Amino acid sequence: MLLHELFTDAHFECVSTDGLQHSKFTVVVQVDGQRFEGTGPSKKMAKNAAAKAALASMCNISFSPLQQAKFGVMNTAAGMGAGGAGGGGGVGPGGIIGMNGDTGGGCYDQQKNVELPQTFADAVGKLVIEKFNEVMKGNDVYSRRKVLAGIVMTQGYDAKSAKVISLATGTKCVSGEHMSVTGSVINDSHAEIIARRGLLDYFYTQLDLHCRRQANTTTNTTKPAMFNGNGVDDSEQPPESSIFVAPADESSLYKLKDGIHFHLYINTAPCGDARVFSPHENDNMDVDKHPNRKARGQLRTKVESGEGTIPVKSSEGIQTWDGVLQGQRLLTMSCSDKISRWNVLGLQGSLLASVIEPIYLHSIVLGSLLHPAHMYR
């Protein structure tokens, strides 16, 4: 309705009715000679997603709950939006949260920037969803998922440079009797956690690439020329560039090149303290009606072989291997708590921390169920 009010020439067309359940319909809207695409489980939702993408790009209009928030973190007069509308299918409110106090546009006050442009959020979400659809093509059995997460790498805010590093699905964690003393079983198989494991594999690969590049540079002076079929000396061809910069001296660590950002996309709010609300709460989404409840801000653990989280009790004592094998419940940190830990210690984990400087998420993009008060806490 809003798009038709602003642009009398807006024309919608359903271009595809084939796809996975969450993106079965694809609708394209043409406005002022530009095309915008939206997907969804119904034609109506796909049409809404396309209209949101057009409004975000052409008018900086956002439908993120962040714009209506009143809890003092942001300035509602700012014009930028957030949230997986066009690319993410437009199911529910979405949002993108800038983590590193960056001033690259978005909705922020003088003390704290909290939001990056909606079009950028859409691009990040769309990349992950398209990559998932590409991987799952022709595999309907495994393409059904409740939670999809992925990590995207960009050069600054250039959406054209964006690259999907890892993606995963999953909502379960292992029960105590299936734990492995040899480390051959993954305890936590929630999508966000598996996606971060893929990112760590990428870090190791990039460090290996950096070392091989250095070795190639030092041996290139004594290496004999090796010509390929085109008459080009292969020994002169440097390998692909790494994302890391070598330490200045022996006492310092490898660090990430300037301008490289990592963005976590999740199609819904992470389990734990960030989503202690009913998914059907629509009125006053921005305000927490019970901010002083004891459940707020508590560490929470995942349920063994099930879904959901429960608060940690201080009386539960220390978790031990023998205790778990004898039937005690396995305590696994909620995704909200793990993301909070990453925001302090970094994504790299303890082993890589001895080699590289901490690497942090630049933003988190949510496809749906963004409740600002809970997410910021």
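User: Contact means heavy atoms within 4.5 Å. Leaving aside neighbours within four places in sequence, which residues is Phe262 in contact with?

Analyst: Happy to start there: this is a predicted model, where local features need pLDDT of at least 70 and side-chain atom pairs count only at pLDDT 80 or more, while totals for chains, interfaces and linings use all residues. Residues are numbered from 1 along each chain as its sequence is written, and side-chain values use heavy atoms, with hydrogens and water left out. Phe262 counts as buried at 0% relative accessibility (buried is under 20% relative accessible area, exposed over 50%, partly exposed in between, with a 1.4 Å probe and protein chains only). Beyond the excluded neighbours, Phe262 touches Ile151, Val152, Met153, Ile165, Leu199, Phe203, Ile243, Leu256, Ile359, Leu361, His362 and Ser363.

User: How many helices and strands are there in the chain?

Analyst: Both are DSSP runs numbered from the N terminus, helices being H or I with at least four residues and strands E with at least two. Of the 377 residues, 45% count as buried. On those terms the chain has nine helices and 12 strands.

User: How many bridges join β9 to β12?

Analyst: Two strands pair if DSSP finds at least two bridges between them. β9 runs antiparallel to β5, with seven bridges, and there Thr154 has His261 as its bridge partner. With β12, β9 runs parallel, and His263 stands opposite Ser363. The number of bridges joining β9 to β12 is four.

User: Which elements do the buried residues of α2 pack against?

Analyst: The buried residues of α2 include Ala46, Ala49, Lys52 and Leu55. The packing partners of the buried α2 residues are α1 (2–6), β1, β2 (25–31), β3 (34–40) and α3 (118–135).

User: What is the angle between the ring planes of Phe120 and Tyr157?

Analyst: Rings of Phe, Tyr and Trp (its six-membered ring) pair if their centres lie within 6.5 Å; planes under 30 degrees apart are stacked, over 60 edge-to-face and the rest tilted. A search of the whole structure finds three such pairs. In this one the centres are 5.8 Å apart and the geometry is edge-to-face, because the planes stand at 80°.

User: Is Tyr157 partly exposed or buried?

Analyst: Tyr157 is in the loop between β5 and β6 and Phe120 in helix α3, so their pair ties together parts 37 residues apart in sequence. Phe120 is buried at 6% relative accessible area. Tyr157, at 30% relative accessibility, is partly exposed.

User: What is the distance between the ring centres of Phe203 and Phe262?

Analyst: The planes of these two rings are at 80°, so the pair is edge-to-face, with its centres 5.6 Å apart. It links helix α5 to strand β9, 59 residues apart. Phe203 is buried at 0% relative accessible area, and the ring-centre distance is 5.6 Å.

User: What is the phi of Leu369?

Analyst: Most residues other than glycine have a negative phi. Leu369, in the loop between β12 and α9 (372–376), is buried at 18% relative accessible area. Its phi is positive, near 55°.
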